[in-house]
Amino acid sequence: MKLKKIGLVGGISWVSTMDYYQFINEGINRRLGGLQYAECIIYSLNFADIQEKTWENSYELLLNACKSLQRSGAEAIVLCANTAHLFADRLEKEIQLPFIHIVTETAKKINNSGLTTVGLLGTIFTMEMDFYRKKLESFGIQVLTPELKETREYVQQTVKEELGRGIVLQETKDRYIDIVDNLLQRGAQGLILGCTEIPLLLNQADFSIPVFDTTKIHSEAIVEYALSSHDQKQLL
């Protein structure tokens, strides 16, 4: 079977990019067996460049990465970070390749679960800017984020300085669980791990409510696309 070649924009951060690579290859192998694995190309950005420019000013960095993957023969593009999807629609129009969109795929999973209100943890950009919320709302999903600015800044700081470096601390996990408990008190029926590093800290075993791990959900969608027929234009 000829697999579609997937272009991955990674390095944002390298820690979660490793998870993508593992999950995608394991998913292909579960489906096809033997020595069958994904055909993919990874363009790993230097995350320090993103931090220096700030996410809001990183479009050209992401565009150059996507163009490089396109020149290398990628048939679809994956942005291996929730926050990078700030530019997903714009990049897709410019590159003219299908983008497998992390929020779209997560919304489908939430809809299939029957939930209508979910808590969202992610970078401060994902929690505060409207690109993520509006995409979920277009699927009929209400989104709750931590109410206090200082709480959102705490999540941002720990994602950047701890999880993005592969550092996992019990005290941080305990604080995150308290934050989620507050979201549940406000009416959240489920939880989106809306940063691809947060699953290093939290998972379904930590909660009785449904937890939506965006890294795994995205990876599953990538596997489906890689296995899909070549006459399928896109997943969005």
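## Ground rules and confidence

Buried here means under 20% relative accessible area, exposed means over 50%, and partly exposed lies in between, worked out with a 1.4 Å probe on protein chains only. What we have is a predicted model, where local features need a pLDDT of at least 70, side-chain atom pairs count only at pLDDT 80 or more, and totals for chains, interfaces and linings use all residues. Residues are numbered from 1 along each chain as its sequence is written, and side-chain values use heavy atoms, with hydrogens and water left out.

As for pLDDT, the predictor's confidence in each residue from 0 to 100, the chain averages 93, and 97% of the residues score at least 70. Helices (H or I, at least four residues) and strands (E, at least two) are DSSP runs, numbered from the N terminus. Confidence is highest in strand 4, at 98, and lowest in helix 2 (residues 47-53), at a mean of 91. Over residues 230-236, pLDDT stays under 50; for that stretch the model has 19 contacts (heavy atoms within 4.5 Å) beyond four places in sequence.

Let's take the open sheet: it has 4 strands in the order 5-4-6-7, with parallel pairing; two strands pair if DSSP finds at least two bridges between them. Strand 5 (142-144) and strand 7 (211-213) each have a single partner strand, so they stand at the edges with one side left without a neighbour in the sheet. On average, neighbouring strands of this sheet are turned by 30 degrees against each other, direction ignored. Strand 4 (residues 117-121) and strand 6 (residues 190-193) are joined in the parallel sense over 4 bridges, and Leu 120 stands opposite Ile 192 in strand 6.

Two helices sit against these strands. Helix 5 (residues 102-113) lies across strand 4, strand 6 and strand 7, and runs at about 155 degrees to strand 7. Helix 10 (residues 214-227) packs on the sheet too, touching strand 6 and strand 7, with its direction at about 55 degrees to that of strand 7. For these angles, axes are lines fitted to C-alpha atoms, for helices over the stretch in contact, and values run from 0 to 180 degrees between N-to-C directions.

Leu 8 has Val 78 in strand 3 as its bridge partner. Strand 3 (residues 76-79) is covered on both faces: Ala 76 and Val 78 are buried on one side, Ile 77 and Leu 79 on the other.

## Two loop residues

Ser 58 is in the loop between helix 2 and helix 3 (59-71). Its relative accessibility is 0%, so Ser 58 counts as buried. Not counting residues up to four places away in sequence, Ser 58 touches Ile 50, Lys 53 and Phe 87.

Gln 204 is in the loop between strand 6 and strand 7. With a relative accessible area of 38%, Gln 204 is partly exposed. Leaving aside neighbours within four places in sequence, Gln 204 is in contact with Ile 209, Pro 210 and Val 211. Ile 124 is 80 residues from Gln 204 along the chain, and their C-alpha atoms are separated by 22 Å.
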